[in-house]
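The following exercises concern a single protein chain. Please work through each task before reading its solution.

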Amino acid sequence: MHVLPYLVAAYLFLTGCYGLATSRNLIHAVGCLAVCQSATYVLLLAVGYRDGATAPVFSDLKPGSRPVVDPVVQALTLTDIVVGATVTALLLALVLQIAKRHGTVDPDELRELRG
């Protein structure tokens with residue numbers, strides 16, 4: 001059962017990559033990128049999980065008396081969520097500007113953007 005979170009993270013990542021590779025819409029591509037990003041949340045939480053551990057709040061227990069989960073991994077996961085939401089918002093704003101200027105969100109029809 002310890003392998004399940006890693007399999008879920010791999011499934012989410014591969015599903016997002018498949019959707020990104022087959023996307024014919026920029027909004028769909030941004031959504032697939034967000035799915036790829038969610039795989040990192042699951043992976044980080046799987047790395048920091050410990051059986052029988054409690055929250056890292058030491059008000060009611062003596063330090064070292066019981067195992068606690070790693071608070072650094074939880075903080076990294078929260079930071080990852082905030083960064084992922086910011087990147088998704090920025091990409092959706094860029095897609096909105098592309099749609100306003102070029103009238104399409106299909107990447108194949110955006111010939112002017114090719115170098």
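**Exercise 1.** What span should the 18 residues of α1 have at 1.5 Å a residue, and how far apart are its end C-alpha atoms?

*Solution.* The model is predicted: local features need pLDDT of at least 70, side-chain atom pairs count only at pLDDT 80 or more, and totals for chains, interfaces and linings use all residues. Residues are numbered from 1 along each chain as its sequence is written, and side-chain values use heavy atoms, with hydrogens and water left out.

Step 1. Helices are DSSP runs of H or I with at least four residues, numbered from the N terminus; helix α1 covers residues 4-21.
Step 2. The expected span of a helix is 1.5 Å times one less than its number of residues.
Step 3. For the 18 residues of α1 this gives 26 Å, and the end C-alpha atoms are 26 Å apart, which agrees.

**Exercise 2.** Determine which residues of α1 are buried and where the exposed ones lie.

*Solution.* Step 1. Buried means under 20% relative accessible area, exposed over 50%, and partly exposed in between (1.4 Å probe, protein chains only).
Step 2. The buried residues of α1 are A9, G16 and G19.
Step 3. These residues lie on the same side of α1, because they cover an arc of only 100 degrees around the axis, the arc being that of the directions from the helix axis to the C-beta atoms.
Step 4. The face turned away from this buried side of α1 carries the exposed residues L7, Y11, L14, Y18 and A21.

**Exercise 3.** Classify Y6 by its accessibility and state how far it lies from L45.

*Solution.* Step 1. Y6 is found in helix α1.
Step 2. Its relative accessibility is 38%, so Y6 counts as partly exposed.
Step 3. Between Y6 and L45 there are 9.9 Å in space, C-alpha to C-alpha, although they are 39 residues apart in sequence.

**Exercise 4.** Identify the partner of D108 in a salt bridge and describe the place of both residues.

*Solution.* Step 1. A salt bridge is a side-chain nitrogen of Lys or Arg within 4 Å of a carboxyl oxygen of Asp or Glu. By this rule the count comes to one.
Step 2. The partner of D108 is R24, with the closest N and O atoms 3.6 Å apart.
Step 3. The pair links distant parts of the chain, 84 residues apart: D108 is in the segment after α3 (71-102), and R24 is in the loop between α1 and α2 (26-48).
Step 4. With a relative accessible area of 54%, R24 is exposed, whereas D108, at 33% relative accessibility, counts as partly exposed.

How values were computed: Helices (H or I, at least four residues) and strands (E, at least two) are DSSP runs, numbered from the N terminus.
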